[in-house]
Structure formats: C-alpha cells, structure tokens
Amino acid sequence: MRTRYQAALPAFLFAALAMPAAMADESVPSYEQAREQFEDKRRQNAKGPKLGSEDRQIMQQAGEDLAAGMPDPGLEVGEKAPDFTLPNAFGESITLYGQLKNGPVVLVFYRGAWCPYCNLQLHTLCESLPAIEDEGAQLITVTPQKPDKSLEQVKEDDYPFEILSDLDSSAMKAYNLYFEVPMELVEVYRRNFGLDLADYNGDGRYVLPVPATYIIDREGVIRAGAADVNYKERMEPAAIVEALKQL
C-alpha cells in the first residue's frame, strides 16, 4: 500500500502498522482477513459476471492510468487537514473542524455503497468503533454518493458513524484524492455489473476518490494515514487504533 506515515511515527509503531494481519491486534477485526475471505468465496462462486478479455483490459488500463496520473495521492503527514462542511445521510451539515472540538477524527474517504471493498472496510471499522472511541476519537466517512444512498447504508447496516456526501467533489479535491472515471470503464460497470455511477453520485458525476484514511488530531494536523490507487487496499483498523494511541 502507498502509505504516508513512516517518517512521522516511531519505529515500533511503523512495525505494528506493517505487520501481517495474523499478528495484528486481536481486539479489532482485520480488513485484510475479511478481504481474503470475500475473495475466496467469490472465486468459489460460479455465478456472477464473467468479464471478457476486452473489458478486463479496459479495467487494467484504467488502473494503470490512474497510478501513472496520481503517483502520490492524498496529503502528507504533518499537513493541516482542509476543513469542509458536507451533508450527512440525514441532510444535516457537518463541519470537520466543528467535530474536532470533540476530539481526534478518523477520516475515511470511500467510493460508495456499490463497492464491495468499501463495504468490507466500513464493516470492520464499525466493529472497531469501541477501540476507536476508547482513544477519544470519532469516525467520519466521506463519499461522492448522494445522501439518500448513504441513508440506505445507515438503515441497512445500522452504522452509527457519520457518512458525508461530497456532492461538489470539493473535499476529494482538497485532499488530493479526486479523479474522473474514464467513460470506457463506466460502460464496463454498466455492461457487467448493472452499475451506473450517476445513479449514486448524481447526473453526470462519474467521479471517485482514491480510498484513503487519515488520523487527524484536535488541532487539525494529519498525524497518520494511507492512500492507495489500488481500491482493494485499505488501512487496517489495528493500525488506526495504534496511531490514535500515539496522539
């Protein structure tokens, strides 16, 4: 994973963040293990879409182009986190720095309710909330999807944390995570998965963030985090909790 916390953290903490899932803190779930289980089940399941070679090539090329165009996504540790005010799933305006008055924030950018890897991440984070809150922190997530889609997630999964909608892409851009999805890839999603991003994001909004996680202290300084153009890679909950312990 393309990480952003090595230089800012002590050696023992960097080792904890880099350790295999099997050696991680057992008090919180592992995203990596959840991902492996999901992918094993998907491989065993004969059903589901079978992408042709041309569509696979389009997806691969889109990933390579994104990696080349955004070789260093996100913000650096030590930078001031840009403030924002975004609507939550209930249409209420939430301001980052207003929430920081209550304590540190774990800020997560994710693609949308349609993304299985985002759902895996959110589930493991939800299960990790007691450990996060024990450190006096709160979890806030940001997605380009519309509030009604976020509300569906809240109702279906009973999420107790904020899901904010970046409807004008301003937060994604401020955190250097914004990119536009190539129309060829949009069509691959439509053909193979019955997915139209505009149904989630709004008419004409074929945009996504590079998935990213930031640990922000009460002064608004980014103290740890990770961003990766490989959408399957996410910061482990155990790494998040360890970073919070160092604040």
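Q: Before we get going, when does a charge count as sitting over a ring?
A: A charge sits over a ring if NZ of Lys or CZ of Arg is within 6 Å of the ring centre and within 35 degrees of the ring normal. The model here is a predicted one, and in it the charged end of Lys 173 sits over the ring of Tyr 178, 4.8 Å from the ring's centre.

Q: And what about Lys 149, which ring does that one lie over?
A: Lys 149 lies over the face of Tyr 200, and the distance to the ring centre is 4.7 Å.

Q: Switching to rings with rings: how many aromatic pairs does a search of the whole structure find?
A: Such a search finds eight aromatic pairs. In one of them, Phe 84 and Tyr 175, the ring centres are 6.3 Å apart and the planes stand at 65 degrees, so this pair is edge-to-face.

Q: Where do Phe 84 and Tyr 175 lie in the chain?
A: Phe 84 is in the loop between α3 (53-69) and β1 (85-87), while Tyr 175 is in the loop between α7 (170-174) and β6 (178-180), so the pair ties together parts that are 91 residues apart in sequence.

Q: Buried or exposed, those two?
A: Phe 84 counts as buried, at 7% relative accessibility, and Tyr 175 counts as buried as well, at 0% relative accessibility.

Q: What does Tyr 175 form with Tyr 214?
A: Tyr 175 and Tyr 214 form an aromatic pair that is tilted, with 5.6 Å from centre to centre and 45 degrees between the planes. This pair also links distant parts of the chain, since Tyr 175 belongs to the loop between α7 and β6 and Tyr 214 to strand β8, 39 residues apart. Tyr 214 has 1% relative accessibility and counts as buried.

Q: Which residues form the one aromatic cluster?
A: That cluster is formed by Phe 84, Phe 109, Tyr 175 and Tyr 214.

Q: OK, you mentioned β8. In which sense do β8 and β9 pair?
A: Strand β8 (residues 212-216) pairs with β9 in the antiparallel sense, over five bridges, and within that pairing Thr 213 stands opposite Ala 226 in β9. The two strands form a hairpin with five residues between them, and Gly 220 in the turn has a positive phi of about 85 degrees.

Q: Why is β9 largely enclosed by the rest of the structure?
A: Strand β9 covers residues 222-227, and five of its six residues are buried, so the strand is largely enclosed by the rest of the structure.

Q: What about Pro 211, where is that found?
A: Pro 211 is found in the loop between β7 (207-209) and β8, and this proline is buried, with a relative accessible area of 5%. Pro 211 and Cys 118 are 93 residues apart in sequence, yet 8.4 Å apart in space, C-alpha to C-alpha.

Q: Last topic: what volume does the largest pocket have?
A: The largest pocket has a volume of about 1300 Å³. It is lined by 37 residues, and the closest to its centre are Arg 42, Met 59, Phe 193, Tyr 231 and Lys 232.

Q: Which element gives the largest share of that lining?
A: The largest share comes from α3, with seven residues. By class, the lining of the largest pocket has 21 nonpolar, six polar and 10 charged residues.

Notes: Residues are numbered from 1 along each chain as its sequence is written. This is a predicted model: local features need pLDDT of at least 70, side-chain atom pairs count only at pLDDT 80 or more; totals for chains, interfaces and linings use all residues. Side-chain values use heavy atoms; hydrogens and water are left out. Buried means under 20% relative accessible area, exposed over 50%, partly exposed in between (1.4 Å probe, protein chains only). Helices (H or I, at least four residues) and strands (E, at least two) are DSSP runs, numbered from the N terminus. Two strands pair if DSSP finds at least two bridges between them. Rings of Phe, Tyr and Trp (its six-membered ring) pair if their centres lie within 6.5 Å; planes under 30 degrees apart count as stacked, over 60 as edge-to-face and the rest as tilted. On a 1 Å grid over the protein atoms alone, a cavity is a set of points where a 1.4 Å probe fits but cannot get out, and a pocket is an open set with protein on both sides within 12 Å along at least five of seven lines; lining residues have an atom within 4 Å of a point. Grid points are joined across faces, edges and corners, and a volume is the space filled by probe spheres set on the points. Ala, Val, Leu, Ile, Met, Phe, Trp, Tyr, Cys and Pro count as nonpolar, Asp, Glu, Lys and Arg as charged, and the others, Gly among them, as polar.
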